[in-house]
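Biologist: Please show me the sequence and the model, and then let us go through them by question and answer.

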Amino acid sequence: MQQHPNIDIAVRYHRAVSRSAVGDELAEFFHPDAVHHELPNALFPHGVVRDIAGLRAAAEAGRKNVREQNFEVLNAIAAGDQVALEVLWEGTTAVAMGELPAGHVLRAHIATVLEFRDGKILAQRNYDCYEPITADAGAAPRR
């Protein structure tokens, strides 16, 4: 992966989220005016837009619903103040979610575009492509 200061920040951010970072540990990556757009996907069919407070709340909720997760950055490219990432995400449910039992492994192939200002993330757009979300689809990790 090419070295660029914003790519380094983007990878560190994804590592922190993999550790279920919350509060100030999460907020340190974001510009005060940051906006996160999660485009429509299997979990959020209408998409979601969050500010810093919304990101903090989502991270706290995520800790309750997902017992472990990993964001593997597969590829990254930077141009000016933007970074585009290809990411593989796996998360294990901590609690039953609808028909999914606790311990179910969810997987998503994600494209993320980050815009930076002053070394902080100003905007994030996620395009999450979830593998089939059914009780029988999460038995064993695969790649």
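Biologist: Which residues are exposed on the other side of α3?

Modeller: This is a predicted model, in which local features need pLDDT of at least 70, side-chain atom pairs count only at pLDDT 80 or more, and totals for chains, interfaces and linings use all residues. Residues are numbered from 1 along each chain as its sequence is written, and side-chain values use heavy atoms, without hydrogens and water. Helices (H or I, at least four residues) and strands (E, at least two) are DSSP runs, numbered from the N terminus. With exposed meaning over 50% relative accessible area, buried under 20% and partly exposed in between (1.4 Å probe, protein chains only), the exposed residues there are Ala53 and Lys64.

Biologist: Within what arc do the buried residues of α3 fall?

Modeller: Ile52, Leu55 and Ala59 are buried in α3. The arc is taken from the directions from the helix axis to the C-beta atoms. The buried residues line one face of the helix, because seen down its axis they fall within 55°.

Biologist: What covers these buried residues of α3?

Modeller: Contact means heavy atoms within 4.5 Å. The cover includes β1 (30-38), β2 (48-50) and the helix α2 (23-27).

Biologist: Which are the edge strands of the sheet?

Modeller: Two strands pair if DSSP finds at least two bridges between them. The open sheet has 6 strands in the order β2-β1-β6-β5-β4-β3, with mixed pairing. Strands that pair on one side only are the edges, namely β2 and β3 (66-79).

Biologist: How many bridges join β3 to β4?

Modeller: The two strands run antiparallel. Glutamate 68 has threonine 92 in β4 as its bridge partner. The number of bridges joining β3 to β4 (residues 82-93) is 12.
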